[in-house]
Amino acid sequence: MKVLNKFKKAVIPILMTMLFLCGHASALEAKYTDLNVPNINSSFKAYMDYRTITNTKSPQYKFISQWAWTDENGFLRAKGETDLGIGDDYYVVALGSFYGTEIGTKYEITTSTGNVFYAVLGDCKANIHTNITNQYGAHNNIVEFLVDTRFLDKNVKMQGTANAYIPLNGSINSIRRIDFTE
């Protein structure tokens, strides 16, 4: 009994301190920053096979190896953060440098059809392949999806654009960068 009382005296203050600290720790919150989207028909959405990223020392390769997986439609995805309000898994995408160059940056993207999807930067479009503002490439392509072409949705393959996949359909109306802050 004496051992139990000594244990209680030693452990209870520690537990109380932990409860106090946990109850007052600040939680991460999602902060959204609107990024400019050009007024163009951006419904064409290119895709590239993730296996073309072969430099094992690159941030792109490391990110994909550690965080990405292929969904049933052939799109590379990364786990959403339900505890931070991002319930859907992210699509792994490439964007022009206007939107950011840090691999792992997260975005909320809305299309003209009202579709909203979440994306994470898994690769960067080369500036020589984008317009002067580094926002879009050939065919007014703003968002390029990383995929595994072996499993890619047959309609996407047939039409040559991820726009054929209904959850991604429509021109890009808005892009908001998501930063998680305390």
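The model is predicted, so local features are given at pLDDT of at least 70 and side-chain atom pairs at pLDDT 80 or more, while totals for chains, interfaces and linings use all residues. Residues are numbered from 1 along each chain as its sequence is written, and side-chain values use heavy atoms, with hydrogens and water left out. Buried means under 20% relative accessible area, exposed means over 50%, and partly exposed lies in between, for a 1.4 Å probe and protein chains only. Helices (H or I, at least four residues) and strands (E, at least two) are DSSP runs, numbered from the N terminus.

Next, select Phe 75, Phe 145 and Ile 175, which touch the most other members of the largest nonpolar core, a set of 40 residues. Such a core consists of buried Ala, Val, Leu, Ile, Met, Phe, Trp, Tyr and Cys residues joined through side-chain atoms within 4.5 Å. Among the elements that give two or more residues to this core are helix H2 (59-67), strand E5 (90-95) and strand E8 (144-147), and E5 gives the most, with 6 residues. Contact means heavy atoms within 4.5 Å; leaving out residues up to four places away in sequence, Phe 75 touches residues including Trp 69, Tyr 91, Phe 145, Leu 146 and Leu 168.

From there, move to Leu 146 in strand E8, which is buried, with a relative accessible area of 0%. Its contacts beyond four places in sequence include Met 48, Ile 64, Phe 75, Val 92 and Gly 122. The C-alpha atoms of Leu 146 and Gly 74 are separated by 8.9 Å, although these residues are 72 residues apart along the chain.

Now select H2, whose buried residues are Gln 60, Phe 63 and Ile 64. These residues lie on the same side of H2 because they cover an arc of only 95° around the axis, the arc being that of the directions from the helix axis to the C-beta atoms. On the other side of H2, Ser 65 and Gln 66 are exposed. The cover over the buried residues of H2 includes strand E3 (68-70), E4, E5, E7 and E8.

Asn 134 has a positive phi near 60° and is buried at 17% relative accessible area, whereas His 139 has a positive phi near 65° and is exposed at 61%.

End the tour at Glu 29 in strand E1 (residues 29-35), which counts as exposed at 54% relative accessibility. Glu 29 and Glu 182 are 153 residues apart in sequence, yet 6.1 Å apart in space, C-alpha to C-alpha. Not counting residues up to four places away in sequence, Glu 29 touches Asp 179, Phe 180 and Thr 181.
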